[in-house]
Amino acid sequence: MIINAIIYSVCAILFELPVAIYSILYSMVYSMSIDKTHLQNINTSVMIFTKNKIICETILHELNRGVTYWKGVGGYTEVDTYVFYSVLSKY
């Protein structure tokens, strides 16, 4: 984005301002359309640290996703906690 901003700034200086504005609008529309029509399944891994084990049931039953959890202990506080790990789709 920074490189695009530099290119558009140079374009605004070298050419007319409307050319730079149309270029920015074109890039925005192009990026949004590619993002909306991207057909690959993009997954994201999520780690949740909590003391509430009910979150595990919520992920399993409401999100219909698998979840792995560990019982952990805080290094500084020495308080018991759960660490949940799940893979979620971007969509």
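## A hairpin and its turn

Strand 2 and strand 3 form a hairpin, with 6 residues between them. Strands here are DSSP runs of E with at least two residues, helices are runs of H or I with at least four residues, and both are numbered from the N terminus. This is a predicted model, in which local features need pLDDT of at least 70 and side-chain atom pairs count only at pLDDT 80 or more, while totals for chains, interfaces and linings use all residues. Residues are numbered from 1 along each chain as its sequence is written, and side-chain values use heavy atoms, leaving out hydrogens and water.

Look for E78 in the loop between strand 2 and strand 3. E78 has a positive phi of about 60 degrees although it is not a glycine. Most residues other than glycine have a negative phi. E78 is also exposed, with a relative accessible area of 59%. On this scale, buried means under 20% relative accessible area, exposed means over 50%, and partly exposed lies in between, using a 1.4 Å probe and protein chains only.

## The sheet around the hairpin

In what order do the strands of the open sheet stand? The sheet has 3 strands in the order 1-3-2, with antiparallel pairing. Strand 1 (43–50) and strand 2 (68–73) stand at the edges with a single partner strand each, so one side of each has no neighbour in the sheet. From one strand to the next, the twist averages 20 degrees. For such angles, axes are lines fitted to C-alpha atoms (for helices, over the stretch in contact), and angles run from 0 to 180 degrees between N-to-C directions.

Two strands pair if DSSP finds at least two bridges between them. Strand 1 and strand 3 run antiparallel and are joined by 8 bridges. Among the partners, V46 is bridged to S86 in strand 3, and M47 is bridged to Y85 in strand 3. Strand 2 and strand 3, also antiparallel, are joined by 6 bridges. Here K71 stands opposite Y82 in strand 3, and V73 has D80 as its bridge partner in strand 3.

## The nonpolar core

Which residues make up the largest nonpolar core? The 5 residues are C56, I59, V67, Y82 and F84. Helix 3 (54–61) and strand 3 (80–89) each supply at least two residues of this core. A nonpolar core is a set of buried Ala, Val, Leu, Ile, Met, Phe, Trp, Tyr and Cys residues joined through side-chain atoms within 4.5 Å.

Leaving aside residues up to four places away in sequence, F84 touches V46, M47, I48, T50, N52, K53, I55, C56, V67, T68 and Y69. Contact means heavy atoms within 4.5 Å.

I55 sits in helix 3 and counts as partly exposed, at 25% relative accessibility. Not counting residues up to four places away in sequence, I55 touches I48, T50 and F84. I55 and Y82 are 27 residues apart in sequence and 9.8 Å apart in space, C-alpha to C-alpha.

F49 belongs to strand 1 and is exposed, with a relative accessible area of 57%. Beyond residues up to four places away in sequence, F49 touches T81, Y82 and V83. The C-alpha atoms of F49 and E62 are separated by 19 Å, and these two residues are 13 residues apart along the chain. Now find N64 in the loop between helix 3 and strand 2. N64 is not a glycine, yet has a positive phi of about 55 degrees. At 62% relative accessibility, N64 counts as exposed.

Finally, step back to the whole chain. The domain assignment gives domain 1 (1–38) and domain 2 (43–89), and such bounds come from an automatic or database domain assignment. How many Å separate the centres of domain 1 and domain 2? Taken over C-alpha atoms, the separation is 41 Å.

In an unreviewed entry, UniProt lists residues 6–29 as "transmembrane region". UniProt positions are given in the numbering used here, feature names are shortened, and annotations may be inferred rather than shown by experiment. In the model, the span of residues 6–29 is 92% helix and 0% strand, and its end C-alpha atoms lie 19 Å apart.
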